[in-house]
Amino acid sequence: MSTETHVIMDETAIRRALTRIAHEILEKNKGIDGCVLVGIRTRGVYLAERIAAKIEEIEGAKVPWGELDVTPYRDDRLDENKANRKELLTMTPESLSIHDKKVILFDDVLYTGRTIRAAMDALMDCGRPQNIQLAVLADRGHRELPIRPDFIGKNVPTSKSEEIEVALMETDGQDEVKIIQNRGEQA
């Protein structure tokens with residue numbers, strides 16, 4: 001089986017998409033009052049952090065952000081993970097609560113929706129938000145659950161034999177989004 005790779009977003013495209021998402025978040029929420037940004041580990045955290053910095057640059061005010069570990073809430077993991085659901089949400093500043101806040105949840109790629117479902121379950125265990133909005137860098141389709149993003153960097157219709165790979169400077173040393181076509185697999 002061979003693979004074919006195409007870069008669909010470079011560093012400039014990612015920066016532009018995140019700038020647009022920051023403006024869309026501000027417009028939809030009429031500013032940042034009552035907003036909290038939460039990134040799903042790993043790459044969603046860096047996206048939330050970048051958007052927080054971009055919003056501070058635009059508005060001149062800090063927006064609180066945090067990171068969320070959804071591993072114990074995944075339905076494709078062993079039940080032993082569910083026993084340890086403490087300290088899933090790490091907020092900046094530490095005293096921040098999501099109760100009655102507008103939570104904007106960040107992930108790098110939206111596919112089946114199962115990671116987002118796990119994230120919503122985890123958030124509900126951390127408090128009761130006013131609402132939850134979803135921001136993703138790439139939406140590739142193929143949903144298994146009725147979940148849709150509010151903010152999208154790029155829609156990337158894919159076949160099931162394709163994958164989307166996100167690389168970010170913080171973890172991978174570069175910013176790019178690639179589509180990988182696995183040749184020889186049934187579509």
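Helices (H or I, at least four residues) and strands (E, at least two) are taken as DSSP runs and numbered from the N terminus. The structure is a predicted model, in which local features need pLDDT of at least 70 and side-chain atom pairs count only at pLDDT 80 or more, while totals for chains, interfaces and linings use all residues. Residues are numbered from 1 along each chain as its sequence is written, and side-chain values use heavy atoms, with hydrogens and water left out.

A cavity is a set of points where a 1.4 Å probe fits but cannot get out. A pocket is an open set with protein on both sides within 12 Å along at least five of seven lines. Lining residues have an atom within 4 Å of a point. Grid points are joined across faces, edges and corners, and a volume is the space filled by probe spheres set on the points.

The largest pocket holds about 280 Å³ of space. It is lined by 15 residues, of which Asp107, Asp108, Val109, Leu110 and Tyr111 are the closest to its centre. β5 (102–110), α3 (114–126) and β8 (162–167) each supply at least two lining residues. The largest share, 4 residues, comes from β5. By class, this lining has 6 nonpolar, 3 polar and 6 charged residues. Here Ala, Val, Leu, Ile, Met, Phe, Trp, Tyr, Cys and Pro count as nonpolar, Asp, Glu, Lys and Arg as charged, and the others, Gly among them, as polar.

The second largest pocket has a volume of about 170 Å³. Of its 13 lining residues, Ile40, Arg41, Thr42, Val70 and Thr115 are the closest to the centre. α2 (43–59) and β5 each give at least two residues to this lining. Its classes are 2 nonpolar, 4 polar and 7 charged. The peptide bond from Arg41 to Thr42 is cis, with omega near 5 degrees. Thr42 sits in the loop between β2 (35–40) and α2.

An unreviewed UniProt entry annotates residues 103–115 as "short sequence motif: PRPP-binding". UniProt positions follow the numbering used here, feature names are shortened, and annotations may be inferred rather than shown by experiment. Over residues 103–115 the chain is 15% helix and 62% strand. The end C-alpha atoms of this stretch are 16 Å apart.

A search of the whole structure finds 1 cavity of 30 Å³ or more. Its lining consists of Leu18, Ile21, Leu47, Phe106, Ala135, Val136 and Leu137. α1 (11–29) and β6 are the elements that give two or more residues to this lining. β6 gives the most, with 3 residues. The lining has 7 nonpolar, no polar and no charged residues.

Asp172 lies in helix α4 (residues 169–172). Asp172 counts as partly exposed because its relative accessibility is 34%; buried means under 20% relative accessible area, exposed over 50%, and partly exposed in between (1.4 Å probe, protein chains only). Asp172 and Arg43 are 129 residues apart in sequence, and their C-alpha atoms are 9.9 Å apart in space.

Two residues other than glycine have positive phi. Asp100, in the loop between β4 (89–92) and β5, has phi near 60 degrees. His142, in the loop between β6 (131–139) and β7 (151–155), has phi near 70 degrees. His142 is partly exposed, at 26% relative accessible area.
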